[in-house]
Amino acid sequence: MSENDEMQTAGEDSPVETPAEAPAAAPVGQSRDGERIGFENLRVLENINVELTVVVGSAEMKIRDLLRLNEGSVIELDRLAGDPLDILANGTIIAKGEVVMVGERFGIRFSEIVDPEKRVENI
C-alpha cells in the first residue's frame, strides 16, 4: 500500500493531529497527562555536561574607569559581605550558597535550592 492509500484509509474515524492541534509540551518531570515522570526515565540525561557558575557579585563601570584598573585595584560589588552567592547551571539560577574551603581549594556549600518549578520557568 502506498503512502497516499494509507492517508486515504485514515478516514474520519481516526483524526490526524496537526501542529496547531497538538498538545503543548509538558513541564520537565511531568508527562502531558500530568503524571510524574519517574527517575528511571530521566537516566538518559545523566551523562550530559552542565556548566556550573558561582556569581559573587557584579559591578557596572565606564570604559575609562575599566582602562584605569591595575594590579591592586578594588571594585565594589553589588553584594554585602556574607550574602549568599548565586549558583547557576547553564546560566539558570538553581541555588544559593556560601564559599567554603575544601583542603586547599575553594568549594561552595548549597544553602538554598530554587524550587524546580521556578527553575523551569526561567529556561
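Basis. The model is predicted, so I noted that local features need pLDDT of at least 70 and side-chain atom pairs pLDDT 80 or more, while totals for chains, interfaces and linings use all residues. Residues are numbered from 1 along each chain as its sequence is written, and side-chain values use heavy atoms, without hydrogens and water.

Sheet. I found the four strands in an open, antiparallel sheet in the order β1-β2-β3-β4; two strands pair if DSSP finds at least two bridges between them. The edge strands, each pairing on one side only, are β1 (52–55) and β4 (105–113). I then followed β3 (residues 92–102), which pairs with β4 over eight bridges in the antiparallel sense. One bridge I looked up sets A95 against I113 in β4.

Surface. I noted that 11% of the 123 residues count as buried, where buried is under 20% relative accessible area, exposed over 50% and partly exposed in between (1.4 Å probe, protein chains only). The chain exposes about 11100 Å², with 52% of it supplied by carbon and sulfur atoms; areas come from the Shrake-Rupley method with a 1.4 Å probe, and for residues only the protein chains shown count as cover.

Charged pairs. I counted four salt bridges, each a side-chain nitrogen of Lys or Arg within 4 Å of a carboxyl oxygen of Asp or Glu. Which residue does D65 form a salt bridge with? The partner is R68, with the closest N and O atoms 3.9 Å apart. D65 is partly exposed at 33% relative accessibility, and R68 counts as exposed because its value is 58%.

I next checked D86, which meets R79 in a salt bridge at 2.5 Å, N to O. D86 also meets K96, again at 2.5 Å, N to O. This second pair links distant parts of the chain, with D86 in strand β2 and K96 in strand β3, ten residues apart. Through shared partners, the salt bridges join R79, D86 and K96 into one network. Is D86 buried or exposed? D86 is buried, because its relative accessible area is 14%. R79, at 24%, is partly exposed, and K96, at 25%, is partly exposed.

Key:
Helix = DSSP H or I, 4+ residues; strand = E, 2+ residues; numbered from the N terminus.
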